[in-house]
Amino acid sequence: MEGVDKRADFEDLLPVMANKLGGEGLINELCNGFQLLMDKDRGVITMESLKRNAAFLGLQDLSEDELAGMVKEGDLDGDGALNQMEFCVLMFRLSPELMQESRFWLEEELKGYGF
């Protein structure tokens, strides 16, 4: 499935971006990505805005079902769209390496508090 391959490519690139840009730089880039994909009138990423702007990220070959699945997976509040926080959380969730690294640093920090 072509969408799966594109997602795997993304997962490999996000940690590289994090290492190169640092935490703040990565968040800034994610915010820029959100701005690129969002519906300008509503201030959120909708299925329609994702479909309209997917080519900017090289995702033009994804089916409507795959795009809808991306929105549904990240939609934490159930409103059918992604706000900026939901988008950033989804991007981190799609990157197992970044999630593992975050878990490591959290566990290291908690050890300092006796946990």
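Modeller: A nonpolar core is a set of buried Ala, Val, Leu, Ile, Met, Phe, Trp, Tyr and Cys residues joined through side-chain atoms within 4.5 Å, where buried means under 20% relative accessible area, exposed over 50% and partly exposed in between, with a 1.4 Å probe and protein chains only. This is a predicted model, in which local features need pLDDT of at least 70 and side-chain atom pairs count only at pLDDT 80 or more, while totals for chains, interfaces and linings use all residues. Residues are numbered from 1 along each chain as its sequence is written, and side-chain values use heavy atoms, with hydrogens and water left out.

The largest nonpolar core has 21 residues, and L30, I45, L50, L67, F87 and M91 are those with the most contacts inside it. Two or more residues come from each of α1, α2, α3 and α4, and α1 gives the largest share, six residues; helices here are DSSP runs (H or I, at least four residues), numbered from the N terminus. In soluble globular proteins, nonpolar side chains tend to be buried together.

Take L30 from that list: not counting residues up to four places away in sequence, L30 touches L14, F87, C88, M91 and F92, contact meaning heavy atoms within 4.5 Å. The rings of F34 and F87 have their centres 5.9 Å apart and their planes at 50°, so the pair is tilted (rings of Phe, Tyr and Trp, for Trp its six-membered ring, pair if their centres lie within 6.5 Å, and planes under 30 degrees apart count as stacked, over 60 as edge-to-face and the rest as tilted). Because F34 lies in helix α1 (residues 2-37) and F87 in helix α4, the pair ties together parts that are 53 residues apart in sequence, and both F34 and F87 are buried.

Another buried residue is T46, with a relative accessible area of 2%, which lies in the loop between α1 and α2 (47-53). Leaving aside neighbours within four places in sequence, T46 is in contact with D39, V71 and A81. The C-alpha atoms of T46 and A68 are separated by 8.9 Å, although these residues are 22 residues apart along the chain.
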